[in-house]
Amino acid sequence: MREVYIIGIGITTFTRLEYPLSEIAAYASMGALKDAGLTDVDYLVVANMGSARINSQSALASAVADTLSLTPAGAVRVENGPASGASAIKEGFMAVASGMHDTVLVAGAERMREVNSLEATDFVATLTHPMAEYIYGVTLPGHAAMFTRLYMEKYGVTERHLAMVGVKNQNNAMLNKDAHLHQPISLEGILDSPEAMTNNPWVAEPIRFFDCCPVSDGGAALILASKEVAEASGRPMIRISGIGQATDTLAVHEREEPTDLMAVRRAAEQAYAMAGIKPKDIDVAELHDAFTILEIVESEEVGFFEKGKGHIALEKGETEIGGKMPINPSGGLKGKGHPVGATGVAQVHEIVMQLRGDAGERQVKGAKNGLACNFGGFGNNVIVSTYTREG
Amino acid sequence: MEREIFGYKCQKCGTLHYPFRMVCKNCRANGYFEFDTVPLPHAGKLLTFTFIHNLPAEFEVARLGLGIVELENGLRVTGQIQIDDPKLGMDVVGAIEVVKRDAYDNRYGFVFRAA
């Protein structure tokens, strides 16, 4: 396998965007091309979950290639639920590693706010089991809630721990100009004050409004290149050092141990083995905190903390930007936003910023190895990847 | 008409599954239709639950109870719950009722109540 480097990154603001989906993808892509100093690529991979359903547009990759006048380069859309972004990166990685292409544009984009919140919730819920879950009204917040209740019972995680994740990430987002939420929050405001329960109502008991990521529009893009092209570009050498992927049962109730996220654990093990590194070598991580409980559990399953102890590390401040294991300096899905198809790409956008030392006020000092966890379904399709700065 | 929800028992190794899958998760040795259908018991224990407040379109209630139940034969199922004050581990019993009305049909599934 050839080595694969990221030499360009681009992103849109994550918010409500009033321009077409293909342009959201293309805008981020133009940033990435400019950053890499390229005007052309061999191949495009476009990550998106819902265009055919919520934007009435299928075959999105063709539209993106044409909008950017990159025709006749090959282009493909990857739909893999909320893990679409990292799946597109993996597809691009394989294209370069195999020697088939030298430069690949990986773009992720979603325009969810074209529909109302009921339709957006229903659209995401279509990734659940059609007969055994979806018909009952199961939503992703519903899955997260049932999982949270089990985790509280077994490991002593409390509503306060969940709120602490939300406060940390939403306040990190204050340092990120592209983040969706620019509203500082405190435990006082969402948990302790007399108004807290009005500010922070139930979404699916026991999870509340500030435990959930917002519904966002947005796009992110990366340029993947062979070592030869990367060296010639003169850009910082950020290598994709490991990628692992694993699936789990579609129906959540079929999991043998309901508090394990085995697909996260297995994907992480593969990524570390491929990279030849260990969890303690990671300096900064972007985890898929669509719900606050997920940051805690993923931090355990990727090996940063012992199973059942993630909330203790959180209490001690270890996951803050200045802590021992900084998690979600970008704001995470919670603060930065979650345009579903863009998310996996945006996580790696942040990791590259951090490894280049370009993250400004939210910079993790001296970061050399980064990790991203893109969590699809309710843990039924997960990609964990690692990145290393060379030189 | 009496409605039933079925589990799928592997004809090779006897492992029970719900929902349907085409190959046994335990022995991977059987194929399509090589399962015996077994009616699911209706009694079980509530493993976890939630009340959802922001529902997808088509659910015209303010708050919907959902849970995962371990049935008497060890299989687990997801279903709706109609229980005022649910507790983890409580005994429940399920009925097969309309759980969703959409543009095409009534959808039937488990609705669990306190035993």
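In chain B, take the contacts (heavy atoms within 4.5 Å) between residues at least 6 apart in sequence: 46% of them join residues at least 24 apart. Keep in mind that this is a predicted model, where local features need pLDDT of at least 70, side-chain atom pairs count only at pLDDT 80 or more, and totals for chains, interfaces and linings use all residues. Residues are numbered from 1 along each chain as its sequence is written, chains are lettered from A and ligands numbered from 1 in the order in which they are written, and side-chain values use heavy atoms, leaving out hydrogens and water.

So what is chain B built from? It has eight strands and zero helices. Helices (H or I, at least four residues) and strands (E, at least two) are DSSP runs, numbered from the N terminus. The C-alpha trace of chain B spans about 45 × 35 × 30 Å along its principal axes. Of the 115 residues in chain B, 43% are buried, where buried means under 20% relative accessible area, exposed over 50%, and partly exposed in between (1.4 Å probe, protein chains only).

Met22(B) sits in the loop between strand S2 (16-17) and strand S3 (35-39) of chain B, and counts as partly exposed because its relative accessibility is 47%. The loop between S2 and S3 of chain B also holds Arg28(B), which counts as exposed at 69% relative accessibility.

Most residues other than glycine have a negative phi, and most peptide bonds are trans. Arg28(B) has a positive phi, near 50°. In chain A, Ser69(A) is not a glycine either, and its phi is positive at about 50°. Ser69(A) lies in the loop between H3 and S3 of chain A and is exposed, with a relative accessible area of 60%.

| Residues joined | Omega |
|---|---|
| Thr71(A) and Pro72(A) | about 10° |
| Glu205(A) and Pro206(A) | about 5° |

Where do these prolines lie? Pro72(A) is in the loop between helix H3 (60-67) and strand S3 (74-78) of chain A, while Pro206(A) is in the loop between strand S5 (202-204) and strand S6 (207-208) of chain A.
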